[in-house]
Each structure stands twice: as structure tokens, then as C-alpha cells.
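Thanks for coming, everyone. I'll keep this brief. Let me put the structure up and walk you through it.

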Amino acid sequence: MAENEAKLVCKSVWKLFGPGAEAALANNRGMSMSDLQSAGLIGAVRDVSLEVSDGEIFVIMGLSGSGKSTLVRCMSRLIEPTAGEILFEGTDLLKASAAEMIEIRRHRMGMVFQHFALLPHLTVLGNVAFPLEVQGIARGERERRAREIVELVGLQGRENYYPRELSGGQQQRVGIARSLAVEPELWFLDEPFSALDPLIRREMQDEFLRLQKLLQKSIVFITHDFDEAIRLADRIAIMKDGAVDQVGTPEDLVIRPATDYVAEFTRDVSRAKVLSVRAIMAPPPKRPPRGGYAGEVPASAKISDIANDLNGADRAFAVTDATGKTVGQLTRDDVIAILMQG
Amino acid sequence: MTDIPTSTDPSLKEEPVPRRFFQRPLVMIWCAALAAAVTFATFAEPYAPWAFKYPRAWRLELYFDGKFIELKNWISKVVDWLISDASFGLFTFTELTRGVSWIMERPYILAKSLLSTGFLEGQGSAAIQILPPLSWIAVIVIIVAMARFARDRKLAALVGACFLYLALFNQWSSAMVTLSSIVIAVPFGVAGGLLIGIAAHRSRIVKMIVSPVLDLMQTVPVFAYLVPILVLFGFGPVSAIIATIIYAMPPMVRITMLALKQVPGEIIDLGNMVGCTRRQMTWRVMVPSAMSSLMIGVNQVIMLSLNMVIIASMIGAGGLGYDVLASLRRLDIGAGIEAGVGIVVLAIALDRLSQAFASREPSEHREERPSALWRRFPYTAVCLAVVLATGILGLFWGWAQAWPAAWSITTGDFWSELVKYININFFDELETFKNALLLNVLIPFKRFLIAIPWPVAMALLGLAGYSLGGWRLGVLCALLCLFVASVGLWSKAMVTVYLCGISVMFACLIGIPVGIAAAERERVWRVVRVVIDTLQTLPSFVYLMPVVMLFRVGDFTAMIAVVAYALAPAVRYTAHGIRQVDPQLLEAGVVSGCTPGQLLRKIKLKLALPEIMLGINQTIMLALSMLVITALVGTRELGQEVYIALTKADIGRGLVAGFCVAFIAIIADRLITAGAQRARARLGLQ
Ligand SMILES: Nc1ncnc2c1ncn2[C@@H]1O[C@H](COP(=O)(O)OP(=O)(O)OP(=O)(O)O)[C@@H](O)[C@H]1O
Ligand SMILES: [Mg+2]
């Protein structure tokens, strides 16, 4: 991927907590976990480099304490990284003045929080309009815009409720609406659904995908739930102890885990949902099989989506790419082998 | 320390040889120190007279205008210089104080006109009323409407009853004067506290300045800063309001700092992410999010302002406080108790009302806003209507304006008779009781304390500080002790320590068992809680009156009043400490066959110890603040020193004695807190 396409680029970002972190890091750019421990520092983010491209859902995933929140707070400069560069559309955020940061955050970034962070003294409408209020937009105008967004997230009729009168899912809808009020280009979500019940979480994920289809934002989404990551992500970064172990599409992670840690994560994942046809197809034979193919399946489809079509067919299927050209073949047995793996 | 095995043998290192109590190094040091202290105190007088009477020549002296003078004179000189010569370029110091009092006076006059005197034209007795004050009916309706708005009918009834009481018992006009100063002092106190708290939250430097000042403010007796206020602002209601504000503000500052610190990090991140400027962050994000905690601070300010009512009347506040003080001076118990109860009733009403506002949830959502103004603000509308109606009616019928004297009841005679009756019939018993305690407990204890030479006290306190909290605490204790000696107030300070110590001892002897009983039985706890809640709303002076009536003036009277005033925390913390002991531990105790007595001694009291120590700490703080007030009944200690300074308007003398009280409080507080900390660490409760 060329760098100018990237919305946000992190170049060896470090965040160390503890006294004398800067000096220690300047002395030794490649501090290991044990170096840090002996220096009495906490390595919340260690040498992270990654790129988030325009319009993509980039998921950062890792266990509790792996440094996800710290990383995303570095990206939005809510906390100052100890070292590294954060390029937002090519300009270094860390060099922006306080006033410039305020401008960037007011118009180009949005953030959704794990515990919603709603202001208790404002109504739904007041909360959603709050970012606009801070910008000094007149009441009538900002309430009109807030109403539109409240409708977009499906909360119409509750504009005058106070946060404590809403359920968790509804509260997070308010949080989402508020972060969208300024029409941000870059959208951070820090475990937005972790505090919700599983059923509501699922519903909110669907809602989120619907919104993204509509809005096409560049998204950094934090989660500690691998299933959630797989459902939502275009690409996933897996973090461990502050460092990124691997970045890739869900499929990459499942097929080619870079470390044992990543493999451990992906072990229990339903492969059929992650793997695409392209990943398991056989190369096309020189001649089409006798009696022709049983049918065609797109190379980009997930196994779980086409499994039913293949059921009962005794001949192979042709695998076609986006242009309709046959790029491989797939048999029922290949699919069953994947399904058996869980 | 040399008996610790230094062998490199690992088995020896891992298992330190268990040592007996008397072989622990600290215990040995203490034994040696105490023995040395006793020897020194008994035999050293002929050889080191300076240790028994602090020499004049060694007193703390500071430089002023060419020579060194004693600290208290130095302070007075500096203030004199401020008043007569100091100037900030554009204006002089005197102009500054005048300006401040002018600013405070405007709203006060407005409030007083509204509640008490009416709007006047002209000066003094030649003034004519152009508009009457709010009628008693209007005031009651307003206050009831506020209660109904803040919570419910029950609260409205309570608050209404309190105000009706004031009218019925003929305290209305004084109560309204008091109310008008409270109404002015509270907003200034709240706003000032809020601003200082915010500044301290935002800037480390401000915080470093504010924190020790707060510590000092909470321990310096009020009288001590009445003196400078009196000198700077003169005698009158404005000075009284300023004193009240200074007294009531520190908890607001503390609560603001705490509340802002407790705002969740996510909310702050939110503020940053939507691009708040610093000001927007403070006023649109932090302060509104912390509102419910801040309201607790408002309640505190109100309660402390009411606490100051009587003391403030010493520098010119009128109203209920003045009535109490005047009747105390006349020894007119009936009138005093009536006015005192009036303050209590006012305090209860305002306390409950402000608590209701503090805990009020933001209102439910409303679908439609009614268009008519009076329907949108029904409470305001009713109040305005009543104000107008009674104002007009009052022009024709006097009773609608002012509560008619003929409707009032007085209980003054009853109280006077009651005390007279007790004194006539039980004089001998009371006197015997008092003398027995005085001769057998109080006086020996006082003699003992006064006999301790100051260097010995200093060394022992330093050692105590060292063994409880490390060398810093040790040095702090010793230095504060040295200060008290070096300003020539050692023996008075010892009398303060004696009175405080003996009162705290009695308060604990009563309070801790009551606390234990309350913790064991829910029914007892419910009763006890009401009692101590009430005790804590009573202004300190109220305790003084009945005791003076029964025991006349002197140390004993002071002690009883202090015990009554300082009892509440001992009870509360004990009960709380025992009730919060982990029930699993109790079950473990029961299973291993503890009798209820063993359960109490071996488990509950042990685990509640840190909490009980904090209770004792609070008791000491309250006792010290009450002691200064008991100077009015003729004790001879630091409180008296402050009180004399007040009557002579001698700033230096008052402040120095005030600092001494504060330092005693700080030593006690730091030592006990460190001790509680250690106990907690030892019990693994951290
Ligand atoms: N302000 C701080 N001071 C010191 N250490 C911190 C601070 N903030 C975070 N840490 C440490 O940095 C590490 C990473 O924390 P972080 O909150 O980023 O983890 P996370 O992946 O978001 O975890 P979770 O899923 O629990 O939110 C943790 O070990 C944490 O203890
Ligand atoms: Mg996190």
C-alpha cells in the first residue's frame, strides 16, 4: 500500500509509563520487556508501526492490558507518546500546536468510549449536540443536525431523555451519534460494545456495519473479542505486551499466524467463517472435468456462505474471480474438511 | 540492632528468630527514653533550669524595622504597617479592605432589606420604610415550595414546621437577620471555594500552596482569625460575614479538588476529543459532571456557616447568635436556650433542604414544554403570587406582614425554672460529683503534664513521630513542639493538652462502648444515629449553656461541654469500623468456637482498630475547636489567650496562640494517622 493513501500512519510509536522514560528510551531504542522491567518502566506501547488506509475498518485486538487503549490514545494524542511519529494525512500530529489539535479534533476526529462517557446533566439531544456546542454553533442549527444523527442511529423519540433513563445499548447509540455529529474522517472506537450484553452487542455490530456502509469512514476499532474483530475487520492488528505481533486480514491470521500467540487466538475460530474460497481452492485443471462444473462460486466468498450450495453436488465447482474468469476449482470434500475443523 | 544475625546462612535469613516483646529494638529504645525522661524530670531542675522554664532570651524573634522583636509583636507591627503604609501602586491596603467590605455590604443590605428591615430611605432612626420586607407567610411559602420542588411533601412539611417554630417562639426577626447573613455568606463561600479548588486542580503550584493552608485553616481556632478580620474590617455584620466565609470555605475547596479528581478519565478524554478549550473543559465538562459531589460541599458550607453564627456575633453579627451570646453573658438561661434552639431549628431546615437539592436527580425528561410561563415555572409563580398578595394585605392587616407578638409562646421561664429546680434540689450531689472528679482525676493529670520539661516532651514526641512514621514525621513533631515553647506559651499549651486529653479520654470511655453496642444491634444503631446526627448539627455554644448553668464556670464545666461536643465521631467511627468487618472472618471465628466476647475482642475490635483510631483523631480535632470556645467559661489555656487577644484586638497575640492550638492539632493528627496507617498495614487491610 502506498503511503499517501494511508489516512493514519504510526511509525515506531512508544509509550512508556514511569519516571525517566524518555531518557531511558533515548539511550536504548530497542528496549526489551526485561530491559523495561529492570528500569522500573511499564511498556504500554512498544515500537508499534502500522497504517490505517482510507475507508477501512482497522481493528486492534489484544487481551486486557496489552496496550490497546494506550495506543489509540496515542493516535488521537490524548496522551503524548514517548517516541515515534503519528502521521495524519501526511502531517505529524505530534508537532501540531494545542490550537491546531483542537481544530483537528473538532472537525476531523471522533471517538466512542467503552463506558459511553455521556454527560449526565445533558439530554440525548444535548449530548449529541455537545461537540457542536463546543464549536460555538448556534442552538437551532446544532439541534437540527443532532436530530438528524439521532435519527440515523435509531433513537428518534428519545431526544429529551437523560442518559440514566436509557439502556446500555441506547446509551452507546448516543455515544456513537455524538462522535458522528462533527462528520469526522477518522473514527476511533475503544471497545465500544464490551460493556453490553452479548445479544445487544451483536445487534450493535450489525448497526455499526450498516452505518459504515453508509458513511465510509476510516476506522480504528478496539476490541478484546476475536469474534467481534473477525466480523467487523478489514484488517486486524494483534497486540501483546504493548507490541504488535501481526497485522493482516482475518484470513491471513488464520492461515498464516506469525507467532504462537496469534495461532493460539485463531485456534478456536470457525474457519468456515473466515476463510474465503480462494484460500482453499485447487488450481484449475488443464481441461474442465467431464460433464462440466456443477456450478460457479466467487473466489472472494466465505466458505460458510457457499457451503449449502455445494451440499449434495458430486462434481467440482468452478471458482471465478471478479471478472468471471475461472481461477480454480472447489470440491465438496474440500469444504467438508474445513467445516469439520470447526 | 546488633543482635540481628548477619550470617550468610540462608536458613537464618529466611526465618528471623522470633524475639520477645522487650527485645524488639524500638521497644528497647522507648524504655530507655522513658527512663531517661523520668530521671531528667525528677533530678535535673537544679542543673538545667532552662528545661523547666523556657528562658525569655531564647524566644523566637524576627527582624522588623532595625531590630529583632518577639513573633507576636512582629505580626502586630506588620499588620499596623499594612494598614497605615502599604500600597499596591494604584490603591492602598486600607482602600482594598474598604473595597472588599463595600462589595460584601451591597448584597447583604439587599438581603437584609428583603428578609428583615424592609427597604429604607434615609439614615439611622430617621429612616422611613418605603417597601416592607417579605411577610412571614411569604418566606414560609417560598421555603416550603423549595422543599417540595427539591424532594417531596414530607420535607416540605418538616421545613415549614421549622420556620413556623421560629415564628411561634418569637425568634422570627432575629432568625431573619441570621438568615440574611447566611444567604450572603454561602454563595460567596461556595463560589470562592469552587474557584480555589479549580485553580488547585489545574495548577500544581496552586495546589502546593493551598493544601497546607487548608490544613492550617481547619485546625487554627476561629477566634484567632477573628482578630485580624476585626482589625482590618472593623466591627459589624460585614466582618462577621467575612469571618463566616473564611471559616466555611475550606471544606468546599477540598471537596471541589476531590470531586474534580474523581471525574472519570473517559469524560475528560471526551472533552479533549470534541476539542474543548481549557475553559470549556472546566465549565462545560468537569464541573457539571462533578455536580452531585459539589453539592455536598454546598451543604457543608451551609452547615459551617450556621456553626459560626454565634462566634460571628462577637464581631458584629446580629440575629440569633447575638441573642445567645448576650443571654450567655447575662446568664439568662431561658432566653439563651430559646435562641440556641432557634439556631438548631434553622440549621435542621437548611441542612435537610440543601441535602435534598444535593441528591436531587436531574429532572425526568419532558415531552412538551408548556407554553404559559406560569405553568412552566409553577413554583415560582405561586411564590410570586403569595409575596404580592401578603405584601398588599399587610398594608391593611398587620398580621399578614409581621407575626403578631400576641400569638407567640415563650419557654424561657420554663428553662430557667428547671435549672433553678435542679440546682436547688441536686446542688450537693452535683457538687460532690464535680469535686470528686476534679480532685482525683483532673488536677493530678494537669500537674503531671505541667511537670514535664519541654525538651523532654519534644524528644518524646519526636521519637513517637519517628517510630510511627519515619524521621520526617519525627522532625515535624519536634519542630512544632519547639515552636510552642519558643513563643512562650508552653504552660498554657500544656493546660490545653490536659483539658483536651482528659475530655477525649472521657469521650472515648463513653463513645466507644456506645459505638460497640450500636454496631451489635441494629435497633440501638438507629436510635444512636439520630442522636449523633442531631448532636453534630448543634452549634458548639449550645453545649456550653446548660453545663454552665449546672456547674458554673471552670475546668470541669469546660470538660463536660467538650465531651458532649466531641462525642459523636468516637461513636460513629467505632460503630462503622465494627460493622464493616468482613462477615466471612466472623463466620470463621464462630466456626472455630469463639464465644461472643472473644469474637468481639479478638476479631471485631482488632480489625476495627484503625477506624477507631481515626474516630479518636476526629474527636481530638473537635475537642480542640470546642476548647477555644470554652475559654468563655474561664479556662486558663491557649483558648483564653486567643479570647483575650480578641477583646484587645491584638492580632499578633491571637494568631500566635491560634497557631499553637493548630500545631497541637497537627501533631495529634499526624501521629494518629500514621499509627492507623501502620495498624491497617499490619492487618493487611490496605
Ligand atoms: N497512566 C498510566 N500509568 C501507568 N501505567 C499505565 C497507565 N495507563 C496504562 N498503564 C499500563 O499500560 C498497560 C496497557 O494499558 P491499556 O489500558 O492500554 O490496556 P488495554 O489493552 O486497553 O486493556 P483493557 O482491555 O483492559 O482496556 C497496562 O499494563 C496498564 O497497567
Ligand atoms: Mg482499554
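One definition before we look around: two strands count as paired if DSSP finds at least two bridges between them. And keep in mind that this is a predicted model.

Strand β1 covers residues 61-64 of chain B, and strand β2 covers residues 67-70 of chain B. They run antiparallel, and 4 bridges join them. Within that pairing, B:Leu62 stands opposite B:Ile69 in β2(B).

Over to chain A, and its sheet. This is an open sheet of 6 strands. Reading across chain A, the order is β6-β7-β8-β3-β9-β10. The pairing is mixed. Which strands are at the edges? They are β6, residues 109-112, and β10, residues 243-248, both of chain A. Each of these pairs on one side only. From one strand to the next, the twist averages 15°.

β7, residues 186-190 of chain A, runs parallel to β8, residues 218-223 of chain A. The two share 5 bridges. As an example, A:Leu189 has A:Phe221 in β8(A) as its bridge partner. Then there is a helix on the sheet. That is α7 of chain A, residues 168-180, and it touches β6 and β7 of chain A. The direction of α7 makes about 170° with that of β6(A).

Last topic: the interface. On the chain B side, 22 residues are in contact, and they meet 29 residues of chain A. Together the two chains bury about 2300 Å². Of that area, 58% is on carbon and sulfur atoms.

What about charges? There are 2 salt bridges across the interface of chain B and chain A. One of them joins the side chains of B:Asp269 and A:Arg73, at 2.7 Å, N to O. Polar contacts between the chains come to 7 residue pairs, both residues at pLDDT 80 or more.

Which helix gives the most to the side of chain B that touches chain A? It is α11(B), with 6 residues. Helix α12 of chain B, residues 278-289, supplies at least two. By type, the residues on that side of chain B divide into 8 nonpolar, 7 polar and 7 charged.

That's the tour. Over to you.

Conventions. Residues are numbered from 1 along each chain as its sequence is written. Chains are lettered from A and ligands numbered from 1 in the order in which they are written. This is a predicted model: local features need pLDDT of at least 70, side-chain atom pairs count only at pLDDT 80 or more; totals for chains, interfaces and linings use all residues. Side-chain values use heavy atoms; hydrogens and water are left out. Axes are lines fitted to C-alpha atoms, for helices over the stretch in contact, and angles run from 0 to 180 degrees between N-to-C directions. Contact means heavy atoms within 4.5 Å. Buried area is the accessible area (1.4 Å probe) that two parts lose on being put together, summed over both. A salt bridge is a side-chain nitrogen of Lys or Arg within 4 Å of a carboxyl oxygen of Asp or Glu. A polar contact is a pair of N or O atoms within 3.5 Å; within protein, one must be able to donate a hydrogen and the other to accept it, and residues adjacent in sequence count only if both atoms are side-chain atoms. Ala, Val, Leu, Ile, Met, Phe, Trp, Tyr, Cys and Pro count as nonpolar, Asp, Glu, Lys and Arg as charged, and the others, Gly among them, as polar.
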